[in-house]
Amino acid sequence: MARGRPSKRQHIIDTAQSLFAELGYQGTSIDLVVQTAAVSKPTVYSNFPTKQVLWASVLEQVSEHSRDALQEHALSGNNWLETWLALWQWWADSAERLAIYRIMLGEQHKMEDTARELFVQFEAVLQQALDTLLLQQAVTLTDTQRFVLDACSRAGLLQPALFGRTPLSVTALYHHLTSNNAALPAR
């Protein structure tokens, strides 16, 4: 059998992803991955020499899945802001992405630089889609407008999802952003 056979390697990554999502980084041991995946410990270690390497593979997989799904997600709409907020809501509705945030924010002190860099790349997937939306809709934001819009999207949609609370609806967040002189472009 060839070392790192894709099907077995993928099975280990998928199993680890489920365990990390359910139990967190600290709660997921290599022994638990071995047991749950029903593979031998040497098989896991021949593919993933450390738990950090396994976690990095999970991060890469979730980023790839998110990037692929965003390519299929409609970035067009009559209103750029509604589409922006819908993208953020879609991003926050994913259990696998929320698990990444919970681990990277809650257990960051356990992470190596590679995982931190992969987390930056993971977040860049959404930011690149948002940039594409703005470009397609010919919307120009100042740095301050972009910062405020990102902060409001995080606070209104992502953070409540992370804490198991009900996020603002896209309609409510849209209303907050378009009233009270939010100074966002109308286009």
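**Close-up views of aromatic rings**

**View 1. Phe119 and Phe122 share helix 7.** Both residues lie in helix 7, three residues apart, about one turn of the helix; helices (H or I, at least four residues) are DSSP runs, numbered from the N terminus. Both Phe119 and Phe122 are buried, meaning under 20% relative accessible area with a 1.4 Å probe, protein chains only. This is a predicted model, in which local features need pLDDT of at least 70 and side-chain atom pairs count only at pLDDT 80 or more, while totals for chains, interfaces and linings use all residues. Residues are numbered from 1 along each chain as its sequence is written, and side-chain values use heavy atoms, leaving out hydrogens and water.

View 2. A search of the whole structure finds nine aromatic pairs (rings of Phe, Tyr and Trp, the last by its six-membered ring, with centres within 6.5 Å; planes under 30 degrees apart are stacked, over 60 edge-to-face, the rest tilted). Tyr101 and Phe122 are both buried. Phe119 and Phe122 have ring centres 5.9 Å apart and planes at 25°, so that pair is stacked.

**View 3. Ring pairs link a cluster.** Its members are Trp90, Trp91, Tyr101, Phe119 and Phe122. Arg97 lies over the face of Trp91, 4.8 Å from the ring centre (CZ of Arg or NZ of Lys within 6 Å of the ring centre and within 35 degrees of the ring normal).

**View 4. Lys51 sits over Tyr25.** The charged end of Lys51 is 4.2 Å from the centre of the Tyr25 ring.

Conventions. Buried < 20%, exposed > 50% of the residue type's maximum accessible area, 1.4 Å probe, protein only. Helix = DSSP H or I, 4+ residues; strand = E, 2+ residues; numbered from the N terminus.
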